[in-house]
Structures are given as structure tokens and as C-alpha cells.
Amino acid sequence: MTVPLEQPPVDLLLFEVGGRTFGVDASQVLRVDRPLPGAYALPGLGPLAEGGRALVFQAEEGEGQLRVDAVSGIRPVPADSLRRLPQVAATAGAYSIGVWLNGETPVLLLDLAEIEAFQRRHQTHGD
Amino acid sequence: MPLNSTPLKRALQAAPERSTGGKQIVEQEFFCFRLGDLRLGVSSEYVREVTRSGPLTPLPRMAAFVLGVFGHRGEVLPVLDLLRFLGKGESRMGARTRLFVGSVGSFTTAVIADGVIGLRKIASSDILPPPMGGDSSADHLIGVVTNSGLDGPLSLINFAKVMQTARQRVVSR
């Protein structure tokens, strides 16, 4: 008889853009820093309020920086609180990879590598 | 029992006023709700439950009629605005806003309602065809009921077709 293994919790780095909370896999983030001139914003997340922080991650060429308003911290979440996006939300962008159900509040989860690929295709830069 | 009561008289007392002409009256049950100025109905076979609206998480790059996703009983459900979908305006979420959870096959979604009217049985003979030459919203109507007893006509939505079109519009973006 096999017993299903309980999946370990996943560390999410939570951050805010325009008053909304988003999450990424904490293992993708090298550090949180003040944004450099080349840091970009992702318009799909909504307008930045301040953009005073950047998530620094490993990009295809060097490091990439995603501009955010604030970083809430790292939180381990149970694997069973993670959900795939509903099929009708398929066009939310390749960088939207799922949802964390924080109680009944869905928190959109993003992938930094996909964000970088998206940026390279669209070549959008923040100020 | 009156002395002059006969089986025929007793049978006539129980008889309907009008003849059905031997035809069976076909009724369908619809879940009816208000949305903006509209009175809408969806076949109750598609409606799972009604719930209060909760925290809504917008998604990037979505069709305008998908307002976001909503967490309910451990599921993540897209939230549809039928006013935007039908091109009839834009819903405004408020304290009285409700969501009905609708399923067509394996696809489940939450749909905004400004208020719930309730379940109504409607005879097929009372359903008038959608207006010809109308706007594209008519493509997603089963028909219109003018004698529903409501304050205004009741438009019956072809929910299966709405879901099919919604998925096509989203994928084609």
C-alpha cells in the first residue's frame, strides 16, 4: 500500500504593485534592492504607486529587475492552497502561473523568468 | 355530497378552464436575476449556487468581461460581467452584489448579479424569439418573456453559448 507523500510548503515572496498583492517563488529572487535605471515595470499588474523597490532575479543575460512598490516578505504556504488558473484565464499571460488561495482571497502568482521573456518580446521599460 | 352531484359534474369541477388541445405544457425552470436595468434568466440546470461576492483578484491582459478571479470553497473561479459581455454597459460591484456559480460541462464560472429574483418556471409557449436584426447580444438569448410578472421583460440567456463564446473570445486575444 502506498501512502501519498505530503508536499512540503512552498516559499512565496509577496510583493505589492498599486495596492495589490502578488507572489513569486522566493527561490527565483536573488535579492530585493532599490531599482536601477534599467528596472522595468509590468503594466499588466497595474500602475505602480511608488516603484521604490525591485525584485532582482537571474535573467538570461545577467540580472533582471522587476520594479514593485513594496515587498511584504517571504511566506511558506501549503501546497494544497495553490491552484492553477482557470482555463478562461488562459490569456492572463504566460507569466501568470497560478493562484495562492489566502483563505478565500486569491493572490496571483507570477514567474520571473516568464516575465523577463515577456519583456524581451515587448521591450517595455519603466522609468 | 349534494344529491344532484354526478360523476360528470364532479369531473367538470376539476377540469381546466381551457383545453390544452392534448398538448403537454412544457415548462423550463430559470434562475432569474437583475443586472443593471436588465432582468435576466439562466436555465437552472446550469446554476450551482448563489453567494456573496468576495475579494476579487484582477488578472492581467484579460477580456474586459472577465473582472478577475474569486476564491470560493477552495476553488478559483473567473468572474464574468454579463453586461460587458453583452455590450450593454458595465456592472458595478457593491455591497448587495451577488455571484451565481454556473457550470457548463467541466467549466465553472461566477457571474455577477445585482440582485436575485429567484427560480421561475416558464412555459415554452411564453418564450418569444429574440428580436430580429438586434445587436449581437441577441445571439446569446434563448428568447424574451414579456408576461413574467416582473417589472419589465425577462431576457433568457443561452448560458452554454455564453460560456462557449467567452472561452473563444479569451483564447483569441
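In β8(B), which residue is the bridge partner of V79(B)?

Reply: That partner is A110(B). One caveat before we go on: this is a predicted model, where local features need pLDDT of at least 70 and side-chain atom pairs count only at pLDDT 80 or more, while totals for chains, interfaces and linings use all residues. As for bookkeeping, residues are numbered from 1 along each chain as its sequence is written, chains are lettered from A and ligands numbered from 1 in the order in which they are written, and side-chain values use heavy atoms, with hydrogens and water left out.

Back to the strand. β6(B) and β8(B), the latter covering residues 107-113, run parallel and are joined by two bridges; strands count as paired if DSSP finds at least two bridges between them. With β5(B), β6(B) pairs in the antiparallel sense, over six bridges. One of the links there goes from H72(B) to its bridge partner in β6(B), E75(B). β5(B) and β6(B) make a hairpin that leaves two residues between them, and R73(B) in that turn has a positive phi of about 50°.

Along the sequence the order is α-β-β-β-β-β-β-α-β-β-β-β-β-α.

Now the partner chain. 23 residues of chain B are in contact (heavy atoms within 4.5 Å) with 22 residues of chain A. The buried area, meaning the accessible area (1.4 Å probe) lost when the two are put together, summed over both, is about 1900 Å², and carbon and sulfur atoms give 68% of that. P60(B), R61(B) and V76(B) supply 31% of what chain B buries against chain A, more than any other three residues. As for elements, β5 (66-72), β6 (75-80) and α3 (159-171) of chain B each put at least two residues on the side that touches chain A. So-called residue classes on that side of chain B come to 14 nonpolar (Ala, Val, Leu, Ile, Met, Phe, Trp, Tyr, Cys and Pro), five charged (Asp, Glu, Lys and Arg) and four polar (the others, Gly among them).

Notes
Helices (H or I, at least four residues) and strands (E, at least two) are DSSP runs, numbered from the N terminus.
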